[in-house]
Amino acid sequence: MSFTSWQFGVFAAVVFAAYYLPQVKSFQVQWLAFASLFFYGYGQPELLPLLAVAVIGTYLFLVLALQNRKMWLPIGIIFNLALLGFFKYKFLFIDSSAPTGLAGVAAVDFLLRLPLPIGISFFVFHNISLLVDLTGQKEARPDLASVFLYIIFFPQLVSGPITRAEMFMPQIKPKYLADVPIVEAMKWIVTGFFFKLYVANNLNTMTSYLDFPLYQTLDPGDRWLLVLLYSYQIYADFFGYSSIAIGLGLMFGYRLPINFNLPYISRSFSDFWTRWHISLSNWLRTYLYIPIGGNRLGRARTSLNLMVVMGLGGLWHGAAIGYLAWGLLHGLLLVVERPMLSALEALSRHTFLGPTVTALRVLVVFGCVSFAWIFFKLPNFDHATSFIGGMFADHAVGHSDRIYRSLVLIYTLPVLLQHLVPWGRLETPTQRLQPYLYGIMAALALVEAGADTSFIYFQF
Amino acid sequence: MDRAGTWLFKFGATFLLLWACCWAAPRLFANLPQFPPTTTDQMQVDVINRFFQLPAQDVVLVGSSLSFRLKEQYFEHGDVRNVAISGGSPLTGMAIIAAAPLARLRVVAVETNILERTIDNDLLERFKNAKRRTDTLRPLRSLAAHYQGVQDDTIIYSRARIKAIIARPPAPDQSSQQVAEALDEWNKPTNYEAMAAGAATLKSLVERLEAEGVTIFFYEVPYPKQLDRSVYAKMAREALARVIGPDDRRRLTLNYPAAELRWNADGVHLDDRSAVIFAAALDDAVHKRLTGHDRAVAP
């Protein structure tokens with residue numbers, strides 16, 4: 001069930017309306033968990049048992065690890081990584097559409113043929129966070145319904161933000177309608193729908209030319225333009241989803257972590273990863289980068305750790321060489337910039353040169369990040385390299401008339417304005433205008449919506 | 001009302017007001033600027049969408065990419081909706097129109113050049129039972145379309161621009177090489193059975209629409225001379241004649257200066273000026289029939 005479907009609107013309204021009824025007050029957690037199961041099963045009912053196995057299995061390991069962390073925590077983590085590995089990467093080795101038996105055993109064949117469970121990358125990370133955080137802090141054993149809610153809370157179930165257990169679990173307590181920050185929640189939800197429907201979906205009609213084989217009809221100039229547009233699109237798409245999730249979370253009394261902080265004005269690649277998909281960066285840093293040594297073991301080992309973490313982060317998105325290449329490219333950029341960061345920061349603080357240097361740094365980071373998205377959009381490595389080759393060709397080939405610059409402007413403008421206007425300083429002067437601006441955004445999201453497409457991060 | 005209530009009221013009122021304006025605008029003003037489709041796969045869908053979303057017109061064209069080039073603005077009477085599908089067939093357009101409830105059409109003009117292409121069932125299923133509706137205004141997109149129209153007048157064809165196109169001399173013939181290359185292919189024995197089947201389907205669709213009171217006309221988009229005499233072109237005419245007869249009253253007599261026609265580099269599709277000339281002839285022929293001035297062959 002997509003956030004942008006009318007079915008989801010009805011679903012959210014019903015769940016919200018019942019949630020604060022006095023009769024539901026004593027089992028709000030169970031109600032939300034049940035609603036989340038319905039939300040998940042609506043699209044893929046055959047995968048509900050898998051979700052149940054993942055949650056109940058994790059709960060079992062949590063109970064055991066609370067008694068003996070040293071023994072059961074690694075097993076619990078391996079259990080979850082095995083789930084992720086099996087369902088996410090099995091398609092590298094099998095052809096699930098093959099008419100004949102794959103393994104010869106009916107039950108195994110059934111598992112092998114199951115589609116990629118939506119959101120598995122996200123709920124597996126929730127599971128691991130639950131195991132590590134609660135056993136590390138020697139918390140009291142939570143009840144099963146709370147664990148269910150943490151892992152499958154529907155606003156964050158399929159595409160995050162990846163909420164750490166130590167942040168979410170303390171929030172599980174009775175909720176009251178009077179405590180809901182309704183205006184803040186509405187702002188998040190309207191912003192999310194606006195960025196998804198108005199920006200991302202409309203840009204998608206242009207960036208669909210990046211797909212194979214359509215990109216072969218593009219001139220080099222349009223290839224460059226579309227790479228930049230995809231950069232805006234993927235941001236608007238994922239930021240939009242995260243914003244809706246945060247707004248919905250607030251409606252039900254839960255504050256989910258902020259996932260984006262103007263990533264395209266980052267001055268360095270390490271700065272970018274504190275602004276882009278922040279919940280994933282935090283997760284990888286907390287549960288992977290620091291445990292394998294972080295930057296405590298010398299320069300060479302730090303570089304290796306960065307490459308490993310970013311490579312695995314890339315593969316987390318999907319089982320394709322392109323995702324690995326995307327992750328490794330970011331790892332390489334982080335390694336390369338690391339020795340130069342102090343000097344660059346000093347230059348940026350220079351009175352005279354500072355603004356120019358900062359602007360150049362922002363442009364370089366944005367350019368490199370956008371270039372790297374090619375591997376994300378075209379996870380088939382051959383397609384990606386062929387596309388890149390065409391970016392540097394010296395001949396025109398194609399259908400440039402379909403990419404109208406006026407449309408490019410009106411659909412990228414919100415991202416540009418969001419990043420370049422100092423909204424923080426305008427907060428007070430624009431206070432009175434805000435309800436009208438959000439009203440306009442909501443109307444534009446409705447009447448100017450581009451053709452419906454699923455959220456890009458749903459596939460992960 | 002508390003602060004949150006005031007905020008929500010202002011927000012909701014702004015939203016409703018803007019949405020209501022966008023809903024009302026296309027119902028109050030015709031011919032608001034529209035953007036052409038921006039992806040190839042949208043093109044076919046967009047053609048049919050326009051038929052269902054824009055105000056109904058008296059005359060509907062169905063055909064292939066040959067007729068797709070005949071822009072609605074080329075027709076001086078201004079009452080044409082072009083449902084020709086680039087890369088598709090007239091049969092698909094006819095079938096979608098025939099399956100639509102409450103179509104209330106007056107005239108369908110059918111291009112008869114390409115008959116061997118069958119009905120696109122995916123497209124038909126998508127629009128089966130679709131109803132005409134008036135979309136809401138997309139204010140920023142319309143603004144951009146207007147701007148684009150001013151910048152790039154391939155989108156908006158004013159009468160002045162069309163006159164200017166006609167006033168310029170015919171372009172030099174650039175298609176002879178492609179025509180010569182295409183001729184071999186066009187002279188190969190074609191799949192006559194497919195053409196005959198297409199003609200039979202066309203006949204049944206025509207009868208179905210005529211039973212609902214729709215007037216049907218047939219027309220052929222001109223080819224360069226060599227292709228016009230090719231096996232392919234002759235077989236298509238023969239397949240149609242076998243089904244509806246050689247002198248069917250539905251055939252339109254088109255008068256245009258054939259010597260002035262030119263084709264794009266592909267040798268098959270009319271260039272802009274020729275499309276304007278041919279559209280004028282088609283427009284004239286249809287309205288002569290409708291007003292009874294073309295009594296010699298009037299239905």
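Biologist: In this predicted model, why is A:Pro155 called buried?

Modeller: A residue counts as buried when 20 or more other C-beta atoms lie within 10 Å of its own, and A:Pro155 has 27 C-beta neighbours inside 10 Å, so the label buried applies to A:Pro155. This proline belongs to helix H8 of chain A, residues 154-157.

Biologist: What makes A:Ala245 a contact of A:Pro155?

Modeller: Two residues are in contact if their C-beta atoms lie within 7 Å, and, with neighbours within four places in sequence left aside, A:Pro155 has such contacts with A:Ala245, A:Leu248, A:Gly249 and A:Leu256. As for A:Gln137, which is 18 residues away along the chain, its C-alpha atom and that of A:Pro155 are separated by 26 Å.

Biologist: Which residues have the most contacts inside the largest nonpolar core?

Modeller: They are A:Tyr150, A:Ile152, A:Leu157, A:Phe194 and A:Ala236, in a core of 134 residues, to which helix H11 of chain A, residues 220-251, gives the largest share with 17 residues. A second, separate core has 60 residues, B:Met94, B:Leu202, B:Val243 and B:Trp263 among them.

Biologist: How do you know that chain B touches chain A?

Modeller: The contact cut-off is again C-beta atoms within 7 Å, and 20 residues of chain B are in contact with 23 residues of chain A. On the side of chain B that touches chain A, helix H1 (3-28) and helix H6 (139-151) of chain B each supply at least two residues, and the largest share, nine residues, comes from H1(B). By class, that side of chain B has eleven nonpolar, six polar and three charged residues.

Conventions: Residues are numbered from 1 along each chain as its sequence is written. Chains are lettered from A and ligands numbered from 1 in the order in which they are written. This is a predicted model: local features need pLDDT of at least 70, side-chain atom pairs count only at pLDDT 80 or more; totals for chains, interfaces and linings use all residues. Helices (H or I, at least four residues) and strands (E, at least two) are DSSP runs, numbered from the N terminus. Ala, Val, Leu, Ile, Met, Phe, Trp, Tyr, Cys and Pro count as nonpolar, Asp, Glu, Lys and Arg as charged, and the others, Gly among them, as polar. A nonpolar core is a set of buried Ala, Val, Leu, Ile, Met, Phe, Trp, Tyr and Cys residues joined through C-beta atoms within 7 Å. A residue is buried if 20 or more other C-beta atoms lie within 10 Å of its own, exposed if 12 or fewer, and partly exposed in between; C-beta atoms are placed from the backbone.
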